[in-house]
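These are my notebook entries on one structure. I set down what I looked up, entry by entry.

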Amino acid sequence: MKTLLSKLLLALCAFFSLTASAETRYVDLNSFIPASPYLDWSTAATNIQDAIDVADPGDQILVTNGVYATGGQLVAGVTTMNRVAVTRALKLQSVNGPAVTVIQGYQMPGTTNGPSAMRCVYLTNGAALIGFTLTNGATGSSDNGGGIRFEGRFLHAPSQIVSNCALTGNSADFGGGGAYGGGTLINCTLSNNWARLYGGGVYGGTLNFCTLTANTTRGQGGGTIQSLMNGCTLTANSASNSGGGAYAGNLTNCTIVGNSAGMLGGGVHNMTRVINCIVYYNHAPLESNYFDSPMISSCTAPLVAGSGNFTNAPLFVDLAGGDYHLQSNSPCINSGSNAFAPSPRDIDGYPRIVGGTVDIGAYEFQSPSSVLAYAWAQQYGLPLDGSADFTDADGDGMNNYVEWRSDTIPTNAFSLLRVVAA
């Protein structure tokens, strides 16, 4: 017992020692007297990499406004130079957000990607990047991740976090124009990124509450390829081959609209599963909207086999204007599957389940009048104002709410759920 207690005390002492030793270091492009170890604003580094190089695991590096476009760092085993290489498990965070804090890579004139190209950021396991714009990044020949490249396994490295960042105008000669690898992106915007073969926006990783717009590739997955996506929107992405919005991977509570492919699956192609999603208004010469992608509780056309799928138009607030919130009479309201709802909130940060059942798509309608699935109610001509939720119009002893949950027909007295024998 004494030995065990001693070990616990030593472990606690080690923990508090590490916690106490963590430092905050500062970076200011316009610092007058930069002096290592950059422990206050008066001696802040002018270069992000300088602060990283003297930091210890667990440190925080704060970066104030500016376009950081000088310096470079190679990482063993990765051929492309990085503007910033976070090779320690620390937090790199801007003070005032991505609108005013930019990490800029380098694209070769004429070819964009090539031996002198430079990606924006390389991120190691256990590190976090918060509140930056990553732009103008590119890669060397056949390399991945023009905006950011994650260390570690391809799909599963959740300890690498990028949040509240904008990845725009980056390029990769192979895959992942915006981002490549097994990290997690949260509340990020990825736009106008390009990859030669795979994943114009992202190749791999997990994306939560992200917006992907106008990313392109000559191959597969204009928006993403082999990614796990929760509560995201994919719009106006394109692939010369297939999967204009997404190719392979999983989609849950996502909105996939207005994407295109040169061959198959303008919206999605070869997905493992698509659940609680809107896949609509996408285009391709063959299988225009989707191809080879099993769906559950999703709004798409033509109808695909699977529980809870329907073809009704989703009824966005402003389709032409790019507002993909749901109108008050959208069939997507209350029509998803709670078992697969990805989190307590939607892409706006509002509660994810309102009215008892999750909505389909990235946005949750916040004031539903009925607790019925709107698509189901509309199928049988039931009002959506809540007045018919608990009435029994066909007189079979089951009100409309119970009929919906039992998957029976509310206008047919002979369609009911009944126990006939114990």
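Entry 1: I began at R352, which counts as buried at 1% relative accessibility; buried means under 20% relative accessible area, exposed over 50%, and partly exposed in between, with a 1.4 Å probe and protein chains only. The side chain of R352 meets that of E364 in a salt bridge, at 2.9 Å from N to O. For this term I required a side-chain nitrogen of Lys or Arg within 4 Å of a carboxyl oxygen of Asp or Glu. R352 and E364 are 12 residues apart, each in the loop between β36 (323–326) and α3 (374–379). E364 is also buried, at 5% relative accessibility.

**Entry 2: the source.** I note that this is a predicted model, in which local features need pLDDT of at least 70 and side-chain atom pairs count only at pLDDT 80 or more, while totals for chains, interfaces and linings use all residues. Residues are numbered from 1 along each chain as its sequence is written, and side-chain values use heavy atoms, with hydrogens and water left out.

**Entry 3: the chain as a whole.** I found four helices and 36 strands in the protein chain. Helices (H or I, at least four residues) and strands (E, at least two) are DSSP runs, numbered from the N terminus. The C-alpha trace spans about 80 × 65 × 35 Å along its principal axes. Of the 422 residues, 52% count as buried.

**Entry 4: the sheet.** I traced an open sheet of 10 strands with parallel pairing, in the order β3-β7-β10-β13-β17-β21-β24-β27-β31-β34. Two strands pair if DSSP finds at least two bridges between them. What stands at the edges of the sheet? They are β3 (66–68) and β34 (299–300), and each has a single partner strand, so one side of each is left without a neighbour in the sheet. Inside the order I looked at β24 (residues 233–235) and β27 (residues 255–257), which run parallel and are joined by three bridges. L234 has I256 as its bridge partner in β27.

**Entry 5: other salt bridges.** I counted six salt bridges. One of them joins the side chains of R25 and D56, at 3.9 Å from N to O. R25 lies in strand β1 (residues 24–27) and D56 in the loop between α2 (48–54) and β2 (60–63), so the pair ties together parts that are 31 residues apart in sequence. R25 is buried at 5% relative accessible area, whereas D56 is partly exposed at 43%. Another joins D173 and R196, at 3.4 Å from N to O. D173 lies in the loop between β14 (171–172) and β15 (179–180) and R196 in the loop between β18 (194–195) and β19 (202–203), so this pair ties together parts 23 residues apart in sequence. D173 is buried at 16% relative accessible area; R196 is partly exposed at 24%.

**Entry 6: cysteines.** How many disulfides are there? I counted zero, taking a disulfide as a pair of cysteine sulfur atoms within 2.5 Å. The sulfur of C232 has its closest cysteine sulfur in C254, 4.7 Å away, which is too far for a bond. For C299 the closest cysteine sulfur is in C332, at 4.1 Å, again too far for a bond. C232 is buried at 0% relative accessibility, and C299 is buried at 0% as well.

Entry 7: I then turned to the largest pocket, with a volume of about 540 Å³. On a 1 Å grid over the protein atoms alone, a pocket is an open set of points with protein on both sides within 12 Å along at least five of seven lines, a cavity is a set where a 1.4 Å probe fits but cannot get out, and lining residues have an atom within 4 Å of a point. Grid points are joined across faces, edges and corners, and a volume is the space filled by probe spheres set on the points. The largest pocket is lined by 23 residues, of which G308, A373, W376, W404 and D407 lie nearest its centre. α3 gives the most to this lining, with three residues.

I counted one cavity of 30 Å³ or more. The largest cavity has a volume of about 50 Å³, and its lining includes T46, Y68 and R83. Both α2 and β5 (78–86) supply at least two residues of that lining.
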